[in-house]
Amino acid sequence: MPNKPKVAFFDFAGCEGDQLQVANLEERLLDIVSHIEVVRFREIKTLKQDNYDIAFVEGSITRPEDEPRIREIRKNAKILVALGACATIGGINCLKNFINESEYKSTVYGDFGRWYSTYAARPLSAVVKVDMDIHGCPIDRNEFSRAVKELLLGKIYSPPDYPVCVECKMAGNICRYEQGRLCLGIITRAGCGACCVTEGSVCWGCRGLAPEANMDAAGQIMDEHGFSWLEAQDHLRLYFGYNGKL
Amino acid sequence: MEKAKSQKKIKNSKKNLQPDTAGPRVLEVKHLTRVEGHGNIVVELDSKNHVQDCKWHVVEAPRFFEAMVQGRPYEDIHHIVSRICGICSIGHQLCSIQATEDAFGLNVSEQTLDLRKLALHAENLQSHLLHIGYLVLPDLLGVDSVFPLAETHRDELVNLVACRRISNEFSRIICGRTTHPQRLIPGGMEIFPTSQELVELKSKLEQSLDRIAGIVDLFAALSDKWPDFKRPTEYVALVSPTEYALYSGEIGSSKDIIRPAMLYQQVTNEYCVPQSTAKWTRNTGDSYMVGALARFNLNHRLLSPRAQKAAQKLGLKAPEYNPYLNTIAQLVECVHSAEDSLEIISRLLDQGIKEEKPARIRVKAGKGVGAVEVPRGLLIHSYEYSDQGRIISADCVIPTNQNHSNIQMDMNAIKPMLSGLDPEAIELKLSMLVRGYDPCISCSTHLIDVTGEPKESLVKFIRV
């Protein structure tokens with residue numbers, strides 16, 4: 001990695017909330033920028049180059065013509081980082097994968113649906129090799145800073161492999177199942193500090209399945225607490241939609 | 001196929017030209033930068049740099065949110081539609097919650113309303129400051145992004161970043177975090193800010209008023225940098241007799257009667273255009289404008305005192321017909337949002353924050369509409385629920401979509417002003433025009449890809 005690596009940001013289908021999180025680093029962004037050279041960041045910068053070492057890519061691949069573009073980025077970048085749930089696991093975009101294509105096209109665009117090019121939404125890793133994932137919807141600013149620091153030191157950041165429950169206990173939250181609410185913290189990859197549960201909500205699963213997540217045990221817990229298959233499915237499809245196991 | 005389409009466009013432009021003007025060119029600004037989402041400007045020039053045609057296209061990948069929420073339970077809807085846009089996530093959540101509450105006939109407490117208004121002010125500040133400082137200011141100072149300002153305008157930049165930080169903290173204290181927050185739910189709030197947090201927030205906002213005054217001074221000094229272009233159009237925004245309407249109100253217009261939000265379709269009148277294939281909107285005329293300038297033009301009398309003074313200082317007077325000055329109206333709104341928030345916070349502190357349980361929701365079949373003024377203008381969500389509390393159909397009308405036709409009409413009107421200018425100057429003027437609307441294209445769920453693949457060069461000349 002050169003002394004001052006060249007960094008580029010790209011986006012596909014998504015809300016650009018993860019790049020916004022980067023812009024929201026405020027003073028810290030100015031610090032980071034002194035150690036890297038931002039060569040492309042369309043959301044906040046006009047000039048751009050194609051010569052870069054690290055590419056941060058946000059959003060899902062949702063149409064055939066996205067593929068050559070992501071392959072080109074893969075070819076140019078030494079390190080490709082997937083930024084946020086849409087890029088790492090497909091995320092919310094995959095909700096449409098459960099609906100018939102002609103149906104969702106006509107629902108939104110009526111007779112003009114045929115104008116649209118689209119296919120099943122998928123994460124970047126379904127099309128190209130991804131070197132590093134920064135999970136979350138949106139990404140956590142501290143985790144992003146840490147990942148960038150590790151990159152600058154020549155390392156690849158690996159997110160925690162245990163479930164959100166671990167961090168949720170540390171945060172001192174009451175288990176949502178005890179309150180009669182369905183929560184995916186039991187199978188979702190940690191690293192967020194259980195932020196949504198701490199904010200009074202439940203874990204929605206935006207960081208993807210934890211490696212080795214025990215789905216059978218999760219099913220048992222949901223059963224024991226009286227949740228129907230439909231309720232479980234509502235939650236599981238929200239972010240894990242691209243996962244073939246579900 | 002995309003290529004064929006663009007070639008056809010060039011051919012068409014050739015046909016339209018007079019025989020004596022040889023060598024038409026097409027100038028394209030591909031993937032306009034410093035806006036949220038993907039858009040292109042396509043300009044057709046003849047050999048003497050006279051602008052023949054000028055078009056605004058959107059190339060964002062369609063995302064199908066209105067289909068994605070079908071069949072989903074009401075508890076998840078605001079969580080899903082929040083993901084339409086990272087910048088306006090709070091606005092989308094609030095609008096969605098309003099529509100859901102409307103469908104179930106639910107009323108929320110006064111405290112909840114106050115907290116929601118604060119949430120909206122926080123988002124207004126976050127989004128406006130991002131647009132004013134990071135996206136527009138570089139144009140006025142002649143640089144390509146906010147980064148070089150760290151060398152040339154350090155104090156101004158530090159002030160701006162500090163304001164942004166306060167607005168982010170504001171949003172975190174009220175909603176729990178800055179993007180896709182978790183506390184706002186149908187019926188109330190999951191968690192409340194503590195009074196200590198509110199006291200801290202109050203002192204920070206007081207500080208930020210002085211800091212924003214610094215930004216106002218900066219923009220007042222740059223007032224000669226705006227292109228002198230005026231085009232009266234119809235201005236549409238929520239209106240309320242008692243306040244500068246943001247969270248609630250009826251749909252008002254500078255040229256039409258006031259309508260309740262449930263009749264939104266009578267105002268938006270979405271229609272299709274063969275040339276752009278994007279859905280546009282119109283009401284009384286060919287196009288209308290939503291956003292900070294529309295709100296200012298309709299509701300300026302209800303701005304807070306400091307905001308009125310800021311408007312005077314910036315030379316903004318209703319009715320203002322220069323679309324470039326939308327950014328200035330946003331700056332005035334920043335002052336208003338900070339000042340009005342202080343008032344709301346004082347009220348909340350006087351009453352004391354009550355840990356209210358969210359209102360009980362009785363699910364029933366029915367329709368509901370939500371209408372909220374988000375940073376970019378009027379946002380409408382309309383849902384139909386089944387008796388199980390699951391979405392049957394949804395419609396979201398996004399501010400940027402309502403502005404597309406107005407942007408195109410502005411481009412038509414500005415053409416004579418551009419003739420004879422260098423391509424670079426034309427590009428700057430047009431980019432600034434579009435950027436002025438602060439378009440949020442990833443929000444625009446009703447748009448169609450017309451120009452296909454991104455080209456690598458920013459500007460493209462084609463000699464025919």
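Two residues are in contact if their C-beta atoms, placed from the backbone, lie within 7 Å. The model to which this is applied here is predicted.

Chain A is a place to start. Its domain assignment gives domain 1, residues 6-152, and domain 2, residues 164-240. Taken over C-alpha atoms, the centres of domain 1 and domain 2 of chain A are separated by 25 Å. Across the boundary between them, 12 residues of domain 1 of chain A are in contact with 9 residues of domain 2 of chain A. On the domain 1 side, the residues that touch domain 2 of chain A divide by class into 6 nonpolar, 4 polar and 2 charged.

Chain A also meets chain B. That contact takes 51 residues from chain A and 55 residues from chain B. On the chain A side, the elements that give two or more residues are helix 1 (17-23), helix 2 (27-33), helix 3 (66-76), helix 5 (101-109), helix 8 (195-198) and helix 10 (229-240) of chain A. By class, the side of chain A that touches chain B has 25 nonpolar residues, along with 12 polar and 14 charged ones.

Chain B itself can be described by its elements, its burial and its contacts. The secondary structure of chain B comes to 14 helices and 14 strands. Chain B has 464 residues, and 54% of them count as buried. Among the contacts in chain B with a separation of 6 or more, 73% are accounted for by residues 24 or more positions apart.

Key
Residues numbered from 1 in each chain as written. Chains lettered and ligands numbered in written order. Predicted model: local features only at pLDDT ≥ 70, side-chain atom pairs only at ≥ 80, totals over all residues. Helix = DSSP H or I, 4+ residues; strand = E, 2+ residues; numbered from the N terminus. Nonpolar A, V, L, I, M, F, W, Y, C, P; charged D, E, K, R; others polar. Domains from an automatic or database assignment. Buried ≥ 20, exposed ≤ 12 C-beta atoms within 10 Å, placed from the backbone.
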